[in-house]
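Here are my notes on this one, written as numbered points. Have the model open while you read, and click through the residues as they come up.

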Amino acid sequence: DEKDRDNIDGAYARILQQTLTSPEAVLRLTRLQALEGKQKFVQFHESLLNQKHAHFLGTSMSVVKIWSEGDRRLISKLQQSQTVDFYTLLSLKMALCTASKEYIQSFCDNHGLSVLMRAMLRLINHVDITIMDAAVLYECLLCVKCVMNHSSGLLKALENTQGILDVVAMCCLFQHRHLALL
């Protein structure tokens with residue numbers, strides 16, 4: 001019914017805004033996406049926020065995420081995969097955006113920045129890039145941004161001798177950026 005549709009549209013738009021999507025893209029995606037697709041997107045993001053290993057501290061509502069074996073498997077999955085799974089990347093981004101200093105440190109110590117860098121290089125070097133590739137590349141960039149928003153993550157990125165900052169710069173010059181929906 002109309003009330004459910006409005007609730008789903010509202011939740012969908014809020015989530016897009018929280019992921020730093022431009023206002024124009026939020027309007028376009030809200031208008032173009034089918035209701036079923038919006039509902040699945042909202043449910044997926046709600047499940048990410050309700051993960052067992054995230055908990056809240058008092059009334060501050062700041063999420064503290066603890067590095068776990070699941071996180072190691074996630075990094076390993078990204079590292080071993082020829083293609084980057086969009087939903088795996090969204091899970092990683094949500095974890096990094098709500099992460100503590102310790103979590104970011106563990107992510108970097110477990111070669112997380114290098115894994116992201118290699119994933120971005122694979123995407124940049126595709127000859128026949130798709131819209132999904134561009135969206136995955138954008139999510140990789142947001143993951144790097146979340147890491148670099150922490151002082152320890154920024155230091156690790158600056159210390160990274162494999163060139164994570166060079167790869168970020170190449171993404172800014174990305175010749176297929178017209179494909180990006182966001």
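1. Let's begin at Ile 15, which counts as buried with a relative accessibility of 11% (buried means under 20% relative accessible area, exposed over 50%, partly exposed in between, with a 1.4 Å probe and protein chains only). Ile 15 sits in helix α1, residues 2-18. Leaving aside residues up to four places away in sequence, Ile 15 touches Phe 41, Val 42 and His 45; contact here means heavy atoms within 4.5 Å.

2. A word on provenance. This is a predicted model, in which local features need pLDDT of at least 70 and side-chain atom pairs count only at pLDDT 80 or more, while totals for chains, interfaces and linings use all residues. Residues are numbered from 1 along each chain as its sequence is written, and side-chain values use heavy atoms, with hydrogens and water left out.

3. Now the overall layout. The protein has ten helices and two strands, where helices (H or I, at least four residues) and strands (E, at least two) are DSSP runs numbered from the N terminus. Reading from the N terminus, the order is α-α-α-β-β-α-α-α-α-α-α-α. Of the 182 residues, 41% count as buried. Among contacts with a separation of 6 or more, 69% come from residues 24 or more positions apart.

4. Which residues touch the most other members of the largest nonpolar core? They are Leu 89, Leu 92, Leu 96, Phe 107, Leu 116 and Met 120, out of 37 residues in that core. A nonpolar core is a set of buried Ala, Val, Leu, Ile, Met, Phe, Trp, Tyr and Cys residues joined through side-chain atoms within 4.5 Å. At least two residues of this core come from each of α4 (69-80), α5 (86-97), α6 (101-109), α7, α8 and α10 (164-172). Apart from this core lies another, of nine residues, including Tyr 12, Val 26, Phe 41 and Val 42.

5. Met 120 deserves a click. Not counting residues up to four places away in sequence, Met 120 touches Leu 137, Cys 140, Leu 141, Val 144, Ile 164, Val 167 and Cys 171.

6. Next, the helix pairs. Two packed helices are described by the angle between their axes and the distance between the axes. Axes are lines fitted to C-alpha atoms, for helices over the stretch in contact, and angles run from 0 to 180 degrees between N-to-C directions. Helix α7 (residues 112-124) and helix α8 (residues 131-148) pack at about 155°, with axes 10 Å apart. The two are therefore roughly antiparallel (angles under 35 degrees count as roughly parallel, over 145 as roughly antiparallel, 65 to 115 as roughly perpendicular and the rest as oblique). On the α7 side, the contact includes Leu 116, Met 120 and Leu 123, and on the α8 side, Val 136, Leu 137 and Val 144 are among the residues. The contact residues of this pair divide into 13 nonpolar, no polar and one charged; Ala, Val, Leu, Ile, Met, Phe, Trp, Tyr, Cys and Pro count as nonpolar, Asp, Glu, Lys and Arg as charged, and the others, Gly among them, as polar.

7. How do α5 and α8 compare? They pack at about 20°, with axes 9 Å apart, and that makes α5 roughly parallel to α8. Among the contact residues are Phe 86, Leu 89 and Lys 93 of α5, and Met 132, Glu 139 and Cys 143 of α8. The tally for this contact is 14 nonpolar, no polar and two charged.

8. The axes of α4 and α7 come within 9 Å and cross at roughly 30°, so these helices are roughly parallel to each other. Here Ile 75, Leu 78 and Gln 79 in α4 meet Gly 112, Val 115, Arg 118 and Arg 122 in α7. This contact divides into three nonpolar, two polar and two charged residues.

9. Finally, two loop residues. Asp 85, in the loop between α4 and α5, is partly exposed, with a relative accessible area of 35%. The C-alpha atoms of Asp 85 and Met 132 are separated by 9.9 Å. His 111 lies in the loop between α6 and α7 and is exposed at 54% relative accessible area. Its phi is near 65°, a positive value in a residue other than glycine.
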